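Here are my notes on this one, written for someone new to reading structures. Have the picture open while you go through the points.

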Amino acid sequence: MSIRIWVDGRRVDEGAAISPIDHGITVGDGVFETAKIDGGRVFALSRHHDRMDRSLAGLGLPKLDRDRIDEGVKAVLEGEHIDFGRLRYTVTGGVGPLGSDRGDAPQTYIVTAGAVPRPAPTTKVATVRWTRNENSAVAGLKTTSYAENVVALAAAKEAGASEAIFSNTLGNLCEGTGSNIFVVLGERVVTPPLEDGPLAGITRALTIEWAREAGVEIAEEHLSFDVLDECDEAFVTSSTRDVQGVHAINDRVLCDEGTPGPMTSRIAAIFAERQGELLG
């Protein structure tokens, strides 16, 4: 299925056109959200809108026009049913100068949607030598400046992995290129705190909330990057991965491929049971 595209009020699937001097292109001045489509419905859309507002505020851009985005979401979901897919919507600073200064043009609104395969129960991840800067001006913001993720993910895929895992500048475990990471240490489940620089993932937050309500405590603590050499289990979370077990970290095998560890399986089951509550 091809990607469906809506830009500033109209479907333009066969060749979307935005200005070559849009700030989202020239300097990566924009933010985006990726939400899961499941059974033709969008998961946790209001939570994604809330996070986009935080990202827009972090870049000094106006709040999201939710009615406008919702118009685009409706437009790209029309037509052939998407059983499982990715909804991505982007807001840029609009047309601007070639440098970092902004002009006074209106923001550009883009909404896209397309089918993707459902995630496997487990995956392999690879660590990379590059670090996240937890003190960056855009730390924790979901901006369109994703070049370092592209480079890191390409390196991970060369190693046979589907995700790259970063440390931060302090040597603490941080996040993946498009996911949050959790580790299981004995009976404890731990994930890096937001002050260590990871994105405040929607699936991350719901995993913590729903697991705790089910009696599984998940701690948010500083973790040395070396914890990946010691953990009993690991899993990653994201909009299109849900709770996905990690069967290998680099060459270290944690479990059989396709068979998550017991704690990961329990948390994945909790998430799967609750997710229907937020399918709009």
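Predicted model: local features only at pLDDT ≥ 70, side-chain atom pairs only at ≥ 80, totals over all residues.

1. Six strands make up an open sheet, and their order across it is β2-β1-β6-β5-β3-β4. The pairing is antiparallel. If the idea of pairing is new to you: strands of a sheet pair through backbone hydrogen bonds, either parallel or antiparallel.

2. Which strands stand at the edges? They are β2 (10-11) and β4 (41-42). Each has a single partner strand, so one side of each is left without a neighbour in the sheet.

3. Now pick out one pair and look at how it is joined. Strand β1, residues 4-7, pairs with strand β6, residues 108-115, in the antiparallel sense, and there are four bridges between them. To find one of these on screen, click on Arg4: its bridge partner in β6 is Ala113.

4. Next, see what lies across the sheet. Helix α2 (residues 45-59) lies across β3 (30-38), β4 and β5 (84-92). Relative to β3, α2 runs at about 170°.

5. On to helices meeting helices. Two packed helices are described by the angle between their axes and the distance between the axes. For α2 and helix α3 (residues 66-77), the axes come within 12 Å and cross at roughly 130°. The two helices are therefore oblique to each other, and the crossing is right-handed. On the α2 side the contact is made by Leu45, Ser46, His49, Asp50 and Asp53, and on the α3 side by Arg66, Ile69 and Asp70. By type, these residues divide into two nonpolar, two polar and four charged.

6. There's another helix pair to check: helix α5 (residues 202-213) and helix α6 (residues 262-274). Their axes come within 9 Å and cross at roughly 100°, which makes α5 roughly perpendicular to α6. From α5, the residues Thr203, Leu206, Thr207, Trp210, Ala211 and Glu213 meet Ile267, Ile270, Phe271 and Arg274 of α6. This contact has six nonpolar, two polar and two charged residues.

Notes:
Residues numbered from 1 in each chain as written. Heavy atoms only, no water. Pairing = 2+ DSSP bridges. Contact = heavy atoms within 4.5 Å. Axes fitted to C-alpha atoms, helices over the stretch in contact; angles between N-to-C directions. Parallel < 35°, antiparallel > 145°, perpendicular 65-115°, else oblique. Left-handed = near helix turned anticlockwise from the far one by under 90°. Nonpolar A, V, L, I, M, F, W, Y, C, P; charged D, E, K, R; others polar.
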